[in-house]
Amino acid sequence: MQLVQANRVKSQPLAEDYTNHFAEAAELFDYNPWQEEDWRRRAEYLEHTASLRLDRGELTGFLHTYNLEIGNTHSEVKHSLRLLAMQDCSVVAGGQQAGLFTGPLLVIHKAITIIRKAREAAERLGRPVVPVFWIAGEDHDFDEVNHWYAWNAQSGVERFRLEHPSGLKTAVSRLHFESWAEALNRMDEWLAPSDFKDGLMERLTAFAESSRTLTGYFARIMGWLFGSHGLVLLDSDDSRLRKLEVPMFEQLLRQSSAVNRRILEAADAVRGLGYTPQAEQSPGNVNLFFYDERGERILLQKDGSGFTDRKRTFQLEEETLLRIMQEEPNRFSNNVMTRPVMQDYVLPVLGVVLGPGEIAYWALTRGVFHEVGYRMPVIIPRLEFTLVEGILQKNMEKYGLSYNDVMDCFEERRAEWLLDQGQYEVEELFSETRRRFLELYRPVLDTISSLNPGLAKLGETNRQKIVEQIEYLHKRASDSLESKFASGLRQLDRIHLSLKPLSKPQERVYNVFAYLNKYGSGWIDELISLPYDNDGGHRLVYF
């Protein structure tokens, strides 16, 4: 395996500046991730504010039980939990929704970043730091997690979609599936025979038999891939965790008006720096979700002295909601603006690994942290990788294509290659033929019009038909040329589909199992252990 530095795919201006020009966005955050002193200040702050967070014994007790249930029982995970019980231990956290078969590759890249950054922080600070993956099981956007994409030689990029089991807008962790058979059958059909396929399908089938939710299935796969590196997993919608979160939920509800004011002020600050806020906010937003009697997840709104939903279908006073929190804590969950501070209440977060869009979301939350008496953790840009297989690398060299060519100007380079194969001569020939015909035909039109004005329209129609015939032959010649060089064009298109499927970066589309099937899981272990800077950069991984 070889790693080569590449340009990051620019997607979010605020995140780009955070990573490459921190001073431009510094006022939106509490710590500079590129200064070691800020890491030390954060570690010391966590020690001094330990009483503001969840009791370590309760935290590690829950995490031990949860990881045992999902089979994440590696000795390294047990070691991580023993360390986490110590007061001077902190965590590098990061999270994602539970995608089908782990979802897109960026989830794998995030876990790699969490593990590497935890190790690096522990070395530099001389104190224990544990990697934790926060599964966002409370999210209800099923369409974001119900599918995976694969490449098919016949049809290109192919999508498999899991049907919603109930249609209810509720947390993904609360959706129960009776069978994974269809998803497993499609995975089996898609994966080509290899030395690793039988073992992969056996694992996926065994994990499926133990899982009734997408979150549980996801957790078991992630534990298998990363448990040997000490990665601790948690589901943010676990009812046992929800009970432990009640004190912070109460605080967020009581201070909801002040919290939302802070978010609105942050949005103004973001605009003042020339960026667009990642999330639109409005007055009256409580930034907490409430589950109604059917189990549907509803965003709470302030309504005078009470609370309601956007459609005003109910009205509840603050004391009523506080009582429900005590009696039925599972009826509450965070939104994207309050989840960061809840994570900081549950875990001693030294740093949090975020993708570009998440960094932009978190830029709105500094005031929320301060409102509840906290400070933001160090925000760590997620590492980005593009996986380049051997045959792909050879073909890129064959056609003289760089990674930037594929990402930024592929169609132009493809057209240039085809012109070099002879299309240029064809284009020139037909262009000249059309020009000379029009030049020769102009006197004919002038002559017949002078003889009989009524012939002018007929002459123009005749001219257009001849031009159409020339264009028709031009197209047929171009098609024949493309057919002659179809093999080369297929290779070019395969390069493009591998690196930029659906006009998106590879990591946002393809699933990891294609690569696990071809190369096993050792390449993930290599990416975790190889020496390179944990700088949030983008690297090409050559197999």
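Reader: How many residues are in the largest nonpolar core, and which have the most contacts inside it?
Author: That core has 141 residues, and the ones with the most contacts inside it are F29, F101, F133, F226, L347, F513 and I524. A nonpolar core here is a set of buried Ala, Val, Leu, Ile, Met, Phe, Trp, Tyr and Cys residues joined through side-chain atoms within 4.5 Å. Buried means under 20% relative accessible area, exposed over 50%, partly exposed in between (1.4 Å probe, protein chains only). The model is predicted, so local features need pLDDT of at least 70 and side-chain atom pairs count only at pLDDT 80 or more, while totals for chains, interfaces and linings use all residues. Residues are numbered from 1 along each chain as its sequence is written, and side-chain values use heavy atoms, with hydrogens and water left out.

Reader: Which element gives the most to this core?
Author: α5, with 11 residues. Helices (H or I, at least four residues) and strands (E, at least two) are DSSP runs, numbered from the N terminus.

Reader: And what does F226 touch?
Author: Not counting residues up to four places away in sequence, F226 touches I108, A111, I112, I115, L231, I524 and I528. Contact means heavy atoms within 4.5 Å.

Reader: OK, switching to the sheet. What's the strand order?
Author: It's an open sheet of five strands, β6-β3-β2-β12-β13, with parallel pairing. Two strands pair if DSSP finds at least two bridges between them.

Reader: Which strands stand at the edges?
Author: β6 (232-235) and β13 (378-381); each has a single partner strand, so one side of each is left without a neighbour in the sheet.

Reader: How is β6 joined to β3?
Author: The two run parallel, and four bridges join β3 (residues 129-135) to β6. F133 has L233 as its bridge partner, and I135 has D235.

Reader: Are the faces of β6 covered or open?
Author: Both are covered: V232 and L234 on one side, L233 and D235 on the other, and all of them are buried. In a regular strand, side chains alternate between the two faces of the sheet.

Reader: Which helix lies across β3 and β6?
Author: α8 (residues 214-226), running at about 150° to β3. Axes are lines fitted to C-alpha atoms, for helices over the stretch in contact, and angles run from 0 to 180 degrees between N-to-C directions.

Reader: Last one: where's T102, and is it buried or exposed?
Author: T102 is in the loop between β2 (90-96) and α5 (105-125). T102 is buried, with a relative accessible area of 0%. Beyond four places in sequence, its contacts include F218, M222 and N511.
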